[in-house]
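Please look over this two-chain model. The report below covers its interface, its sheet and its helix packing.

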Amino acid sequence: MSGDHHHGHDHGGGDGGHHDANIAARVRELEAQLVGAGQITEAELEAILLEGWSGSPAHGAAIVARAWADPGFRDRLLADGNAAAGELGLEAEGYLLKAVANTADVHNLIVCTLCSCYPTNLLGPSPGWYKSFAYRARAVREPRAVLAEFGVELPDSTQITVWDSTAEARYLVVPARPDGSDGLPEASLAALVTRNGLIGTALC
Amino acid sequence: MARFTVGSAVRARPGDPDGHTRVPRYVRGHRGEVVGLHGDWKLPDAAVRGTLVTEPVYAVRFRAADLWGHGGHDVIVELWESYLEEAAGER
C-alpha cells in the first residue's frame, strides 16, 4: 500500500468491491502512460470504452429467448454463436462466441482465471464479482460450493462444466427453459433471463 | 493445419516460460482431451514480443479430479497448439 494512501476503508477481502478508488487511480495512471508513450490516443480509448457500454445483458437475454422459442435457432447458436447473434442484428466481433446450453444433466459456468475476459461488447461490462480473485480462483476448483453461495443448489446428478476463457472465445450460457414458460412470447421469455444466468451463476 | 482433433489426448506444457503466456498454472503438466477447435488466433506469447504467429486454439477438457485430486466437475480451458503435447498411449 502506498504511503499517501490514508483514507479509512478496508482493502482486505479481495472480492472486487473494496478496491475501487485504488484501481481507478491505477487505471488513470496507466492510461496517461499509454497515451504519453503514443501507444493509444484518448479518442481510441474512449471508443473502446463506449464499445463496452453499448453491450447489455438484454442482448444475451434476447439470444436465449430466441433459442428457447426456436429449436432451429438454438442448433445454429450452439454451432456458430457469432452467426446466430448476427441473425438478431447483434455484433459479436473479434472473438469466437461460444454458446453452451444447460440441460437437466449439465450445468455450465463461465470464468476467466487469467484476467476477466467477457463478451463485453455484446453483454456490457461484467459484474464486479466476476473479476474478483476469489471467484476466479474458486470457480475452477470448487464450482458447486461457489454456485451454492449464489443460491444455485444443483442435484448431485448434474454434471458441472466450467469454461475458462483463456483465449479468444467468449462464452454465453443458455439456461434451461424454466418450467411453466410454455406459450410465452419471446419478449416475456427474455425477461426471465438474468445476467448471472448468462454466466451460469443463476439457473436463469 | 491443426495438429490435434476432437478426441485427441493431450498434455498441457509443463514448466514456467520466461515470458508472457496464457497457459494457466493449474493445468500445466496435466492431461486432457480436445473437445473443440476454436479456430486460428494470434499467439499471445509471440505477440507481446512484436511477432505475429498464428496457431490453432483448442478447447481442452480436464477432469477436476486430475487437477485438484477431488471434484466431479470438468474444466474446459482454451489452449494454443504450442501449449500442448501429444499424450496418446499414456494412462
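How many bridges join strand 3 of chain A to strand 4 of chain B? Four bridges join them, and the two strands run parallel. Strand 4 of chain B spans residues 74-80. Strands pair when DSSP finds at least two bridges between them. Within strand 4 of chain B, B:Val77 stands opposite A:Asp164.

This is a predicted model: local features need pLDDT of at least 70, side-chain atom pairs count only at pLDDT 80 or more, and totals for chains, interfaces and linings use all residues. Residues are numbered from 1 along each chain as its sequence is written, while chains are lettered from A and ligands numbered from 1 in the order in which they are written.

**Interface**

In total, 16 residues of chain A are in contact with 17 residues of chain B. Contact means C-beta atoms, placed from the backbone, within 7 Å. On the chain A side, helix 7 (133-141) and strand 3 (159-164) each give two or more residues. Helices (H or I, at least four residues) and strands (E, at least two) are DSSP runs, numbered from the N terminus. Strand 3 of chain A gives the largest share, five residues.

The table sorts two contact sets by class.

An open sheet of seven strands has the order 2(A)-3(A)-4(B)-3(B)-2(B)-1(B)-5(B). Its pairing is mixed. Strand 2 (106-111) of chain A and strand 5 (84-86) of chain B are the edge strands, each pairing on one side only. Neighbouring strands are turned by 35 degrees against each other on average, direction ignored.

Strand 1 (residues 9-12) of chain B pairs with strand 5 of chain B in the antiparallel sense, over three bridges. There, B:Arg11 has B:Glu85 as its bridge partner. Helix 7 of chain A packs on the sheet, touching strand 2 and strand 3 of chain A together with strand 4 of chain B. The direction of helix 7 makes about 150 degrees with that of strand 2 of chain A.

**Helix packing**

In chain A, the axes of helix 3 (residues 57-69) and helix 4 (residues 71-79) come within 5 Å and cross at roughly 125 degrees. Therefore helix 3 of chain A is oblique to helix 4 of chain A. Angles under 35 degrees count as roughly parallel, over 145 as roughly antiparallel, 65 to 115 as roughly perpendicular and the rest as oblique. Axes are lines fitted to C-alpha atoms, for helices over the stretch in contact, and angles run from 0 to 180 degrees between N-to-C directions. Helix 3 of chain A contributes A:Ile63, A:Arg66 and A:Ala67 to the contact, and helix 4 of chain A contributes A:Phe73, A:Arg74 and A:Leu77.

Key:
Contact = placed C-beta atoms within 7 Å.
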